[in-house]
Amino acid sequence: MRALVALLLVLLACQAVFWQQTHGIRPQLGIVADAPSVPAIKALSLGDDQFYFRWLALELQNTGDTYGRFTALKEYDYKKLSEWFLLLDRLDARSNMIPSLAAYYYSQTQNTQDVRYIVDYLYEHATRDVAHKWWWLLQAIYLAQHRLNDMDLALKVAKPLVNKDVPVWAQQMTAVVYEQRGEMDDALRIMEAIRDHAEHIPDADLRYMEYFVKERLHKRENTSTR
(Lines give C-alpha, C1' and ligand atoms only; values in the text may rest on other atoms or scores of the structure.)
Protein backbone atom coordinates (compact mmCIF):
# COMPACT_ATOMS: atom_id res chain seq x y z
CA MET A 1 0.00 0.00 0.00
CA ARG A 2 2.80 2.39 0.92
CA ALA A 3 4.55 1.61 -2.35
CA LEU A 4 1.37 2.51 -4.28
CA VAL A 5 1.00 5.80 -2.41
CA ALA A 6 4.65 6.62 -3.01
CA LEU A 7 4.24 5.87 -6.72
CA LEU A 8 1.19 8.16 -6.92
CA LEU A 9 3.11 10.95 -5.20
CA VAL A 10 6.02 10.55 -7.59
CA LEU A 11 3.66 10.68 -10.60
CA LEU A 12 1.93 13.75 -9.16
CA ALA A 13 5.28 15.45 -8.65
CA CYS A 14 6.28 14.62 -12.24
CA GLN A 15 3.03 16.05 -13.52
CA ALA A 16 3.56 19.25 -11.52
CA VAL A 17 7.10 19.63 -12.84
CA PHE A 18 5.94 18.95 -16.42
CA TRP A 19 3.18 21.57 -16.12
CA GLN A 20 5.59 24.10 -14.63
CA GLN A 21 7.97 23.69 -17.57
CA THR A 22 5.39 23.63 -20.35
CA HIS A 23 2.36 25.73 -19.32
CA GLY A 24 3.73 28.79 -21.13
CA ILE A 25 4.19 27.01 -24.46
CA ARG A 26 1.62 28.05 -27.04
CA PRO A 27 1.07 26.50 -30.46
CA GLN A 28 2.04 28.71 -33.39
CA LEU A 29 -1.47 29.36 -34.64
CA GLY A 30 -2.08 31.65 -37.57
CA ILE A 31 -5.00 34.06 -37.71
CA VAL A 32 -6.24 33.77 -41.28
CA ALA A 33 -5.23 30.69 -43.21
CA ASP A 34 -4.37 30.85 -46.90
CA ALA A 35 -7.43 30.39 -49.06
CA PRO A 36 -7.37 27.15 -51.08
CA SER A 37 -7.97 27.04 -54.81
CA VAL A 38 -11.43 26.69 -56.33
CA PRO A 39 -10.72 23.13 -57.61
CA ALA A 40 -9.58 22.20 -54.10
CA ILE A 41 -12.77 23.34 -52.39
CA LYS A 42 -14.88 21.70 -55.10
CA ALA A 43 -13.08 18.42 -54.43
CA LEU A 44 -13.29 18.76 -50.64
CA SER A 45 -17.01 19.56 -50.75
CA LEU A 46 -17.64 16.00 -52.03
CA GLY A 47 -20.51 17.32 -54.12
CA ASP A 48 -22.27 19.07 -51.23
CA ASP A 49 -21.38 22.73 -51.77
CA GLN A 50 -23.96 23.98 -49.28
CA PHE A 51 -22.69 21.93 -46.35
CA TYR A 52 -19.07 22.85 -47.06
CA PHE A 53 -20.02 26.51 -47.54
CA ARG A 54 -21.64 26.61 -44.10
CA TRP A 55 -18.68 24.84 -42.51
CA LEU A 56 -16.14 27.23 -44.01
CA ALA A 57 -18.29 30.29 -43.28
CA LEU A 58 -18.48 29.30 -39.61
CA GLU A 59 -14.71 28.81 -39.51
CA LEU A 60 -14.21 32.21 -41.14
CA GLN A 61 -16.50 33.80 -38.56
CA ASN A 62 -14.45 32.38 -35.68
CA THR A 63 -10.96 32.53 -37.15
CA GLY A 64 -8.48 34.16 -34.80
CA ASP A 65 -10.72 33.54 -31.79
CA THR A 66 -10.19 29.82 -31.25
CA TYR A 67 -8.36 27.79 -28.59
CA GLY A 68 -9.02 30.34 -25.85
CA ARG A 69 -7.49 33.31 -27.68
CA PHE A 70 -8.88 36.63 -28.83
CA THR A 71 -7.39 38.56 -31.75
CA ALA A 72 -8.00 42.24 -32.44
CA LEU A 73 -9.28 42.89 -35.96
CA LYS A 74 -6.30 45.12 -36.72
CA GLU A 75 -4.10 41.99 -36.57
CA TYR A 76 -5.96 40.22 -39.39
CA ASP A 77 -4.61 39.95 -42.92
CA TYR A 78 -7.46 41.56 -44.86
CA LYS A 79 -6.06 40.57 -48.22
CA LYS A 80 -6.42 36.93 -47.17
CA LEU A 81 -9.88 37.64 -45.75
CA SER A 82 -11.03 39.13 -49.05
CA GLU A 83 -9.73 36.04 -50.85
CA TRP A 84 -11.84 33.90 -48.52
CA PHE A 85 -14.91 36.09 -49.12
CA LEU A 86 -14.62 35.73 -52.87
CA LEU A 87 -13.85 32.03 -52.61
CA LEU A 88 -16.96 31.32 -50.55
CA ASP A 89 -19.03 33.25 -53.08
CA ARG A 90 -17.96 30.57 -55.55
CA LEU A 91 -19.75 28.01 -53.36
CA ASP A 92 -22.83 30.13 -52.71
CA ALA A 93 -23.20 33.60 -54.22
CA ARG A 94 -26.82 33.96 -53.10
CA SER A 95 -26.22 33.69 -49.37
CA ASN A 96 -26.00 36.94 -47.41
CA MET A 97 -23.88 35.43 -44.64
CA ILE A 98 -20.49 36.38 -46.08
CA PRO A 99 -21.37 39.99 -47.05
CA SER A 100 -23.02 40.38 -43.63
CA LEU A 101 -19.86 39.14 -41.93
CA ALA A 102 -17.76 41.49 -44.03
CA ALA A 103 -19.96 44.59 -43.70
CA TYR A 104 -21.04 44.34 -40.06
CA TYR A 105 -18.11 42.62 -38.37
CA TYR A 106 -14.82 42.75 -40.23
CA SER A 107 -15.41 46.35 -41.33
CA GLN A 108 -14.97 47.40 -37.68
CA THR A 109 -11.19 46.92 -37.87
CA GLN A 110 -9.05 49.51 -36.10
CA ASN A 111 -6.83 49.65 -39.19
CA THR A 112 -8.99 51.91 -41.32
CA GLN A 113 -7.24 51.26 -44.64
CA ASP A 114 -8.19 47.58 -44.41
CA VAL A 115 -11.81 48.65 -44.88
CA ARG A 116 -10.98 49.16 -48.56
CA TYR A 117 -10.82 45.37 -48.96
CA ILE A 118 -14.34 45.16 -47.51
CA VAL A 119 -15.70 47.83 -49.86
CA ASP A 120 -14.09 46.18 -52.89
CA TYR A 121 -15.54 42.81 -51.92
CA LEU A 122 -19.05 44.16 -51.33
CA TYR A 123 -18.92 45.93 -54.70
CA GLU A 124 -17.88 42.76 -56.52
CA HIS A 125 -20.39 40.64 -54.62
CA ALA A 126 -23.31 43.00 -55.29
CA THR A 127 -22.67 43.93 -58.91
CA ARG A 128 -23.03 40.31 -60.01
CA ASP A 129 -26.74 40.55 -59.15
CA VAL A 130 -27.68 44.15 -58.38
CA ALA A 131 -31.41 43.40 -58.38
CA HIS A 132 -31.05 41.16 -55.32
CA LYS A 133 -27.82 42.47 -53.79
CA TRP A 134 -28.24 46.28 -53.92
CA TRP A 135 -28.31 46.48 -50.12
CA TRP A 136 -24.61 45.66 -49.96
CA LEU A 137 -23.80 48.56 -52.27
CA LEU A 138 -25.43 50.87 -49.73
CA GLN A 139 -23.26 49.41 -46.98
CA ALA A 140 -20.18 49.86 -49.17
CA ILE A 141 -21.09 53.51 -49.83
CA TYR A 142 -21.31 54.16 -46.11
CA LEU A 143 -17.93 52.54 -45.47
CA ALA A 144 -16.28 54.41 -48.34
CA GLN A 145 -17.68 57.74 -47.15
CA HIS A 146 -17.43 57.51 -43.39
CA ARG A 147 -14.57 55.09 -42.75
CA LEU A 148 -12.29 55.76 -45.72
CA ASN A 149 -13.34 59.33 -46.57
CA ASP A 150 -12.97 58.33 -50.21
CA MET A 151 -15.69 59.99 -52.26
CA ASP A 152 -14.30 58.67 -55.55
CA LEU A 153 -14.74 55.12 -54.27
CA ALA A 154 -18.19 55.99 -52.90
CA LEU A 155 -19.24 57.23 -56.34
CA LYS A 156 -17.92 54.11 -58.05
CA VAL A 157 -19.95 51.96 -55.68
CA ALA A 158 -23.07 54.13 -56.03
CA LYS A 159 -23.33 54.17 -59.82
CA PRO A 160 -24.68 50.60 -60.24
CA LEU A 161 -27.63 51.52 -58.00
CA VAL A 162 -29.22 53.43 -60.87
CA ASN A 163 -31.05 50.33 -62.03
CA LYS A 164 -34.76 49.78 -62.63
CA ASP A 165 -34.65 46.67 -60.43
CA VAL A 166 -33.44 48.67 -57.41
CA PRO A 167 -35.92 50.50 -55.14
CA VAL A 168 -36.21 54.17 -56.04
CA TRP A 169 -35.02 55.40 -52.64
CA ALA A 170 -31.83 53.36 -53.00
CA GLN A 171 -31.23 54.66 -56.53
CA GLN A 172 -31.36 58.19 -55.12
CA MET A 173 -28.19 57.52 -53.14
CA THR A 174 -26.23 58.01 -56.35
CA ALA A 175 -27.52 61.58 -56.62
CA VAL A 176 -26.77 62.16 -52.93
CA VAL A 177 -23.17 61.05 -53.43
CA TYR A 178 -22.79 63.36 -56.43
CA GLU A 179 -24.12 66.25 -54.35
CA GLN A 180 -21.75 65.49 -51.48
CA ARG A 181 -18.91 65.66 -53.99
CA GLY A 182 -20.11 69.11 -55.00
CA GLU A 183 -21.22 67.92 -58.46
CA MET A 184 -24.69 69.47 -58.38
CA ASP A 185 -25.45 69.19 -62.11
CA ASP A 186 -24.74 65.45 -62.07
CA ALA A 187 -26.86 65.02 -58.96
CA LEU A 188 -29.79 66.74 -60.68
CA ARG A 189 -29.27 64.72 -63.85
CA ILE A 190 -29.39 61.43 -61.94
CA MET A 191 -32.46 62.41 -59.92
CA GLU A 192 -34.34 63.57 -63.01
CA ALA A 193 -33.40 60.38 -64.88
CA ILE A 194 -34.74 58.26 -62.03
CA ARG A 195 -37.94 60.30 -61.92
CA ASP A 196 -38.49 60.10 -65.67
CA HIS A 197 -37.71 56.42 -66.18
CA ALA A 198 -38.86 54.60 -63.04
CA GLU A 199 -41.89 52.40 -63.73
CA HIS A 200 -43.43 53.03 -60.33
CA ILE A 201 -42.49 55.68 -57.79
CA PRO A 202 -44.08 55.66 -54.33
CA ASP A 203 -45.63 59.00 -53.39
CA ALA A 204 -43.10 59.64 -50.61
CA ASP A 205 -40.18 59.05 -52.98
CA LEU A 206 -41.75 61.23 -55.67
CA ARG A 207 -42.24 64.11 -53.23
CA TYR A 208 -38.63 63.81 -52.09
CA MET A 209 -37.35 63.79 -55.65
CA GLU A 210 -39.38 66.87 -56.55
CA TYR A 211 -38.12 68.61 -53.41
CA PHE A 212 -34.53 67.60 -54.21
CA VAL A 213 -34.71 68.94 -57.77
CA LYS A 214 -36.43 72.23 -56.84
CA GLU A 215 -34.16 72.87 -53.87
CA ARG A 216 -30.95 72.19 -55.80
CA LEU A 217 -32.11 74.27 -58.77
CA HIS A 218 -32.84 77.11 -56.38
CA LYS A 219 -29.38 76.82 -54.82
CA ARG A 220 -27.74 76.76 -58.24
CA GLU A 221 -29.63 79.86 -59.36
CA ASN A 222 -28.68 81.72 -56.18
CA THR A 223 -25.04 80.77 -56.69
CA SER A 224 -25.00 81.92 -60.32
CA THR A 225 -26.51 85.33 -59.49
CA ARG A 226 -23.89 86.22 -56.86
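These are my notebook entries on a predicted model of a single protein chain.

**Entry 1: the overall layout**

I began with the secondary structure and found 11 helices and zero strands in the protein chain. Read along the sequence, the pattern is simply α-α-α-α-α-α-α-α-α-α-α. I then looked up how spread out the chain is. The radius of gyration comes to 27 Å, while the globule rule gives 17 Å for 226 residues, so the chain is more spread out than a compact globule. The box around the C-alpha atoms, taken along the principal axes, is roughly 105 × 45 × 30 Å.

Next I checked burial, and 37% of the 226 residues count as buried. I also looked at contacts between residues at least 6 apart in sequence: 65% of them join residues at least 24 apart.

**Entry 2: α7 against α9**

A reminder to myself before the helix pairs: two packed helices are described by the angle between their axes and the distance between the axes. For helix α7 (residues 130-146) and helix α9 (residues 168-180), the axes come within 10 Å and cross at roughly 20°. Angles under 35 degrees count as roughly parallel, so α7 is roughly parallel to α9. The crossing of α7 past α9 is left-handed.

Which residues in α7 and α9 meet? On the α7 side I listed Trp-134, Trp-135, Leu-138, Ile-141 and Gln-145. Facing them from α9 are Trp-169, Ala-170, Met-173, Val-177 and Gln-180. Sorted by class, this contact has eight nonpolar, two polar and no charged residues.

**Entry 3: Thr-174, also in α9**

While I was in α9, I picked out Thr-174, which lies in that helix. Is Thr-174 buried or exposed? Its relative accessibility is 1%, and the cut-off for buried is under 20%, so Thr-174 counts as buried. Leaving aside its neighbours within four places in sequence, I found Thr-174 in contact with Ala-158, Lys-159, Leu-161, Val-162 and Ile-190.

**Entry 4: α3 against α5**

From α3, the contact uses Phe-53, Ala-57, Leu-58, Leu-60 and Gln-61. From α5, Met-97, Ile-98 and Leu-101 take part. I count by class seven nonpolar, one polar and no charged residues here.

I stayed with α5 to see what is buried in it. The list reads Ile-98, Pro-99, Leu-101, Ala-102 and Ala-103. What do the buried residues of α5 pack against? They pack against α3, α4 (78-91), α6 (115-127) and α7.

Most residues other than glycine have a negative phi. Leu-46 has a positive phi, near 55°. At 77% relative accessibility, Leu-46 counts as exposed.

Asn-149 gave me another positive phi, again near 55°. Its place is in the loop between α7 and α8 (151-158). Asn-149 is exposed, with a relative accessible area of 63%.

**Entry 5: Arg-181 and two distances**

Last, I looked up Arg-181, which sits in the loop between α9 and α10 (184-197). With a relative accessible area of 26%, Arg-181 is partly exposed. Not counting residues up to four places away in sequence, Arg-181 touches Met-151, Asp-152 and Leu-155.

How far apart in space are Arg-181 and Asp-120? I got 20 Å, C-alpha to C-alpha, for a pair 61 residues apart in sequence. I also took Glu-83, which lies in helix α4 and counts as partly exposed at 34% relative accessibility.

Terms used. Residues are numbered from 1 along each chain as its sequence is written. This is a predicted model: local features need pLDDT of at least 70, side-chain atom pairs count only at pLDDT 80 or more; totals for chains, interfaces and linings use all residues. Side-chain values use heavy atoms; hydrogens and water are left out. Axes are lines fitted to C-alpha atoms, for helices over the stretch in contact, and angles run from 0 to 180 degrees between N-to-C directions. Helices (H or I, at least four residues) and strands (E, at least two) are DSSP runs, numbered from the N terminus. Angles under 35 degrees count as roughly parallel, over 145 as roughly antiparallel, 65 to 115 as roughly perpendicular and the rest as oblique. A crossing is left-handed if the near helix is turned anticlockwise from the far one by less than a right angle, and right-handed if clockwise. Contact means heavy atoms within 4.5 Å. Ala, Val, Leu, Ile, Met, Phe, Trp, Tyr, Cys and Pro count as nonpolar, Asp, Glu, Lys and Arg as charged, and the others, Gly among them, as polar. The radius of gyration is taken over C-alpha atoms; the globule rule is 2.2 Å times the number of residues to the power 0.38. Buried means under 20% relative accessible area, exposed over 50%, partly exposed in between (1.4 Å probe, protein chains only).
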